[in-house]
Every structure is written in structure tokens, then in C-alpha cells.
There are 2 protein chains.
Amino acid sequence: MNATTPAPRMTRQRREILEALDTRDFRSAQAWHERLRSEGSTIGLATVYRGLQSLADQGEVDAVVAESGETLYRRCEAGDEHHHHLRCRACGKAVEIDVPEFEAFAHRIAEQHSYGDIRHTIELTGVCPECTAAGKG
Amino acid sequence: MNATTPAPRMTRQRREILEALDTRDFRSAQAWHERLRSEGSTIGLATVYRGLQSLADQGEVDAVVAESGETLYRRCEAGDEHHHHLRCRACGKAVEIDVPEFEAFAHRIAEQHSYGDIRHTIELTGVCPECTAAGKG
DNA sequence: CTGATTTCGACAATCATTCTCAACTGTGCC
DNA sequence: GGCACAGTTGAGAATGATTGTCGAAATCAG
């Protein structure tokens, strides 16, 4: 376990990304970039992509692939714990949810078919109360 | 349900796509295209994309977005029934699975948060016995 | 501070997918 | 069978997200 991954430096840009992520929305890398720019940052798009990816690798942010193929990022509660989300398709607001029953189920199914190295994705999407009210449903 | 969608014509290309899909693997549109070409077809890539999409709309094939962002297609058992898959990350072989417990759970969670128009994605991936044996894991 | 190394950012490149449009072909009608 | 015509096709261009490139700028160790 010797530092094969030399801890990334804490640069202004990295700090900005982390700060922006505090809003805890699910947004695409491009959207985060726009947001940072609109707040006066001069950060580059490639930097945002790199930053989000490295944070995702470290488990600091969750990355989910939307139906459109875009990857959405969001800062997550715990770096370690495995969890899923209920995300609003209209505004991106997300709630972390826990699906203990499913974790067990997944492994049972996998074993039945002798599949190894199981990984699973559960994505719940819907329209949140606010957006429903606003007619964005 | 009155034919607002004028039934697509049965062309040579459409027939070829349908035939290829009989192998029931999960493959990307590009992969299906290559396969058809390698079998002597002169079908175009755009046609494969269009064909797969329209079949997906009709519920004839399942479409899932892989982690890479590619969309994978596979002919499915029942047009109507909602189901999920356990897919091999190495060879694409997939098994249809049923997760009745989860369907209920999803709706319960959604209601707790007052989210409407719920949709869910469950993707189980692993490495099948054959690929594990072949060391592709 | 100074130098070695990493990270940045503008832009080019890549990859999957969609669009454009002229040529082609099922389908319904005679 | 043959005709007309709207739906389809296929090559290539266009798009949109993401990744690679590389000189310039910034960070960290000494």
C-alpha cells in the first residue's frame, strides 16, 4: 500500500470544486464548470473533469450515468458506505437511500448463477414535490 | 393506443437486426453493427442505431447504459414485463432476473419522499463462471 | 527562495450517437 | 404487373460529452 497514488495537491481549483460540491446536487461536470465560472472562477473544463474523477476515485463523490449518457456527480455523505439515491429528474435534487434488503438479494442472485465480482447499480428517479408543484413533471 | 406510431416497414435491414438479436447478448449498437457487417450485411451504422432505438421504444429490446456511457441492447423475453438483468462484464452474457421485493421497496421509498413518476434502474454485473475460468475476471 | 514536479487551461482529438439528404424500396392502388 | 409516394437507408458531416496534449503557472520540499 505504498503511495502508488501520490495524494493530489490542494490547489485553488481543487478547493473551488470541493466548495461548489457543498450544494450537494447531482450535476454533470459541464454544469459544475458553468456554475464555477458564473461565480467568477477561471477554472477550465478539463480541470473540472479531472477533479471530479479523482474525487470519485477516492470515494468523495458519487458518479452516476444518466439515461442520456452524461455522468452526474454529487458529493456523498460517507466515503466508505455503499448507498443509492432517489434523484429528481427535473431539478437534480437527490436523497440518499438505504436498500439493505437489496444488497442481500443481489448476492443471493449472483451466487445462484455462480457469477463473481458482483457490482450493482440502483437508480431511483422521480419528480420531487417542488417540481411537481411547479409543473415540471 | 391508436396507431399514432405508424408501424415501421419490414425492410431487409430491419429483418437483419431482428435476426442478429436472436443471440440474446447485450451489445452496443456499434458491436451489433460490426457483427452484421462481418456476416456480410451492408447495413449502415445509423440504421442499426435507428433500428435498435425503435425496437427499444416498442419494448422489443432492453437498453441499458453501461458505466462507460455506451448504451447496450439485448432482445428481451417479454415485451410487457418489467425485469432486470445480471450481466457478465467480460462477455456480455446476461440472465433475466426478477426482483419483486425491490419493486415494492422502490415505491415505498418514493412515497416517503413524495416523489412522483418513479422510474428505477437496477443493474447487476459480475463475471460469469466461464469467464472466471478463462481468467477474464 | 529555488528548483523539481504537479497541475492548470486552452485547444485539439476521440468516441458514441444523431442529423442531413439524396437515393432507394416497401406498400397500397390501378 | 406497374406507379406513385411516403417511409427507410447509408455515407458522411455534425454534435455533445469526455479525454489527451503541452507549454505555462503554481505547489511543495529543502
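Helices here are DSSP runs of H or I with at least four residues, strands are runs of E with at least two, and both are numbered from the N terminus. The views come from a predicted model, where local features need pLDDT of at least 70, side-chain atom pairs count only at pLDDT 80 or more, and totals for chains, interfaces and linings use all residues. Residues count from 1 along each chain as its sequence is written, chains are lettered from A and ligands numbered from 1 in the order written, and side-chain values use heavy atoms, with hydrogens and water left out.

**View 1. The surface near DNA strand D.** A residue makes the list if one of its heavy atoms lies within 4 Å of the strand. That gives 22 residues, and the closest are Tyr49(A), Gln53(A), Thr71(A), Thr47(B) and Arg50(B). Of the DNA strand D atoms that come within 4 Å of the protein, 63% belong to sugar and phosphate. H3(A) gives the largest share of this surface, with five residues. Helix H3 (45-57) of chain A, plus helix H1 (12-20) and helix H3 (45-57) of chain B, each bring at least two residues.

View 2. From chain A, a side-chain N or O atom of Gln30(A) is 3.3 Å from a sugar or linking oxygen.

**View 3. Where chain B meets chain A.** With contact meaning heavy atoms within 4.5 Å, 37 residues of chain B touch 37 residues of chain A. The buried area (accessible area lost on putting the two parts together, 1.4 Å probe, summed over both) is about 3000 Å², and carbon and sulfur atoms give 62% of that. On the chain B side, Tyr115(B), Arg119(B) and Leu124(B) lose the most area to chain A, together 21% of what that side buries.

**View 4. Strand S6 against strand S6.** Strand S6 (residues 116-127) of chain A runs antiparallel to S6(B), and nine bridges join the two; pairing takes at least two DSSP bridges. Look for His120(A) opposite Leu124(B).

**View 5. A salt bridge between the chains.** Asp117(B) pairs with Arg89(A), their closest N and O atoms being 2.9 Å apart. A salt bridge here puts a side-chain nitrogen of Lys or Arg within 4 Å of a carboxyl oxygen of Asp or Glu, and the count between chain B and chain A is four.

Notes:
Polar contact = N/O pair within 3.5 Å; in protein donor to acceptor, adjacent residues only side chain to side chain.
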